[in-house]
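Subject: Structure handover

Hello,

Here is the structure I said I would pass on. My notes on what was found follow below it.

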Amino acid sequence: MSGHSKWSTIKFKKALKDAKRGKIFTRLIREITVAARAGGGDPASNSRLRLALDKAYGANMTKDTIERAVKRGTGELEGVDYEEVTYEGYGPGGVAILIETMTDNKVRTVAEVRHIFSKRGGNMGTAGSVAYQFKKLGLIVFPADADEDRILEAALEAGAEDVVNEGERIAVYTAPSDLHSVVLALEAAGLKPEESEMTMIPENTIEVSGEEAEKLLRLIDFLEENDDVQNVYANYEISDEEMARLEAAP
């Protein structure tokens with residue numbers, strides 16, 4: 001299959017870092033709350049909420065915590081009113097960066113994001129400056145040792161757009177509207193994914209190495225560590241050899 005295997009899957013690695021930092025619950029709660037506010041509290045008719053709930057249960061969030069987040073979204077409980085805002089910019093090497101946030105204070109968040117860009121060798125862009133370089137897709141993740149042939153057959157039959165072995169995982173890509181139905185079809189075939197979510201895939205990638213790669217990864221790390229940031233996407237590519245060198249560096 002034609003693929004996206006060459007671009008570094010930031011979000012996949014980011015999820016592990018989030019769990020280690022203890023921030024994943026906060027981000028999941030915000031997603032559940034906003035999803036419930038936007039589409040109602042019934043996951044049967046709100047696919048975004050259904051995805052958020054699946055991730056929350058997968059992260060071992062308690063049922064009470066999940067229910068409170070839903071009720072805050074539907075207005076049954078008082079809570080913070082979060083707003084979704086996307087910021088765009090460029091990192092070292094001209095890499096396009098897309099940042100999705102949920103914030104209760106846009107003035108604070110934009111100031112913090114702009115500060116990170118300026119201090120870490122990037123440039124904040126205007127709305128639309130890099131978004132056109134990304135495509136929204138559904139993403140279903142299986143471990144690298146899963147049965148790729150079975151996944152390929154079941155996914156394509158269910159209407160998936162692409163199945164890619166990315167080395168550290170097997171990724172199934174779908175149209176956003178088809179994500180839930182493809183997940184159900186895979187599960188019906190006895191194939192249980194590790195994760196399913198909406199993601200942004202770059203149309204083209206830029207290869208970076210050396211000092212540029214080091215600065216870029218630091219910039220992305222600082223963006224991801226911001227409390228208001230939900231997701232960071234970038235169109236960079238780093239070779240396995242270069243990544244190994246960077247990871248081994250003190």
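Just after helix α3, N60 takes a positive phi of about 65°. This is a predicted model, and every value in this message was computed from it.

Helix α3 covers residues 47–58. Its twelve residues, at 1.5 Å a residue, should span 16 Å, and the C-alpha atoms at its ends are 16 Å apart, so the two agree. The N-terminal end of α3 is capped by N46, which has a side-chain oxygen 3.3 Å from the backbone nitrogen of R48.

Which residues of α3 are buried? They are L49, R50, L51, A52, L53 and A56. On the general point, an α-helix has 3.6 residues a turn, so residues three or four places apart point the same way.

D228 is found between α8 and β9 (229–234). Is D228 buried or exposed? Its relative accessibility is 4%, and since buried means under 20%, D228 counts as buried. The side chain of D228 makes a polar contact with the side chain of R30, at 3.2 Å. Setting aside neighbours within four places in sequence, D228 is in contact with R30, E100, T101, M102, T103, R108, T109 and E112.

Last, a pair of helices. Two packed helices are described by the angle between their axes and the distance between the axes. For helix α8 (residues 210–225) and helix α9 (residues 240–248), the angle is about 65° and the axes are 11 Å apart. The crossing of α8 and α9 is right-handed. On the α8 side, the residues that meet α9 are G210, A213, E214 and L217. On the α9 side, they are E242, M243, R245 and L246. Sorted by class, this contact of α8 with α9 has four nonpolar, one polar and three charged residues.

Regards

Key: Residues are numbered from 1 along each chain as its sequence is written. This is a predicted model: local features need pLDDT of at least 70, side-chain atom pairs count only at pLDDT 80 or more; totals for chains, interfaces and linings use all residues. Side-chain values use heavy atoms; hydrogens and water are left out. Axes are lines fitted to C-alpha atoms, for helices over the stretch in contact, and angles run from 0 to 180 degrees between N-to-C directions. Helices (H or I, at least four residues) and strands (E, at least two) are DSSP runs, numbered from the N terminus. A crossing is left-handed if the near helix is turned anticlockwise from the far one by less than a right angle, and right-handed if clockwise. Contact means heavy atoms within 4.5 Å. Ala, Val, Leu, Ile, Met, Phe, Trp, Tyr, Cys and Pro count as nonpolar, Asp, Glu, Lys and Arg as charged, and the others, Gly among them, as polar. The expected span of a helix is 1.5 Å times one less than its number of residues. Buried means under 20% relative accessible area, exposed over 50%, partly exposed in between (1.4 Å probe, protein chains only). A polar contact is a pair of N or O atoms within 3.5 Å; within protein, one must be able to donate a hydrogen and the other to accept it, and residues adjacent in sequence count only if both atoms are side-chain atoms.
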